[in-house]
Amino acid sequence: MSANIQEFEKTTLRERVSHALRAAVVAGELEPGNVYSAPELAKRFGVSATPVREAMLDLVREGLVETVPNKGYRVTEMAESELDQITELRMLIEPSLVARAVAHIPDGDLPELRAMAQAIVDEAAAGDLVAYTEADRAFHLRLLDYAGNGRATSLIADLRAHTRLYGLAALSERGELEESAREHHAILDAISGGNAGLVEKLMRTHIGHVRESWASAEPTQRKRNS
């Protein structure tokens, strides 16, 4: 039993580190083209190097990073056209599915969903972009779960992992990220009112903001070179 518990804890730690690393890549905290070593990342996230190496293998398989022999891992770059394609796919899938999910969200789940939405706002106010990105991911995937289409939810999760939100830091520095985060509360208000049409409209606007504002700025590295 003890061995099983240890294996579970090891798996859970690997998953937590994987989520944190994905969020750091998406938020631009780990910059495209830069090489990061496992010990460096371990120190950054407050864990040992072993779960970091294990988690990075997941990210390598997902195409988020690539292995650099004897050095570490390089964050892969995403072209603007690829980000446009991701946004187009999300627009095709996510708004209509979340609108459909409205009829299947129990009133009893609304307080938990409200707390998840508030966590996004809180992390935005704190300026923690990695935690913000992870909270945002959890909220959106939770809403999709209610639609009952597991394949679509998995696809959106993969698309989100390959998104690059280079504009988050600038929004945070200007004090605009918290206001943007409150869009999640507006979506929940429409869900609470049972207004599926408004939910779909708000989702389309929200995803549009993600591409126009959150992902529009260039990475810090490119800014320094401009």
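## A tour by helix and loop

Select helix 6 and helix 7 (residues 150-161): the two pack at an angle of about 160°, with their axes 10 Å apart. Helix 6 is therefore roughly antiparallel to helix 7, a term for angles over 145 degrees. Their crossing is right-handed; that means the near helix is turned clockwise from the far one by less than a right angle. Axes here are lines fitted to C-alpha atoms, for helices over the stretch in contact, and angles run from 0 to 180 degrees between N-to-C directions. Helices are DSSP runs of H or I with at least four residues, strands are E runs of at least two, and both are numbered from the N terminus.

This is a predicted model, where local features need pLDDT of at least 70, side-chain atom pairs count only at pLDDT 80 or more, and totals for chains, interfaces and linings use all residues. Residues are numbered from 1 along each chain as its sequence is written, and side-chain values use heavy atoms, with hydrogens and water left out.

**Next: Asp136.** Find this residue in helix 6 (residues 129-145). Is Asp136 buried or exposed? Asp136 is buried, at a relative accessible area of 5%. Buried means under 20%, exposed over 50%, and partly exposed in between (1.4 Å probe, protein chains only). Now show Arg160: its side chain and that of Asp136 are joined by a polar contact of 2.4 Å. Such a contact is a pair of N or O atoms within 3.5 Å; within protein, one must be able to donate a hydrogen and the other to accept it, and residues adjacent in sequence count only if both atoms are side-chain atoms.

**Next: helix 4.** Select residues 80-101. The helix has 22 residues and reaches 31 Å from first C-alpha to last, close to the expected 32 Å, which is 1.5 Å times one less than the number of residues. Zoom in on Met91, where helix 4 bends by about 30°. That bend is the angle between axes fitted to the seven residues ending there and the seven starting there. Pro95 follows within four residues. Pro95 is buried, and so are others in helix 4, including Arg90 and Glu94.

The axes of helix 4 and helix 6 come within 8 Å and cross at roughly 60°.

**Next: His104.** This residue sits in the loop between helix 4 and helix 5 (110-126). His104 is partly exposed, at 49% relative accessible area. Select Ala147 too: the two C-alpha atoms are separated by 7.2 Å, yet lie 43 residues apart along the chain.

Key
Parallel < 35°, antiparallel > 145°, perpendicular 65-115°, else oblique.
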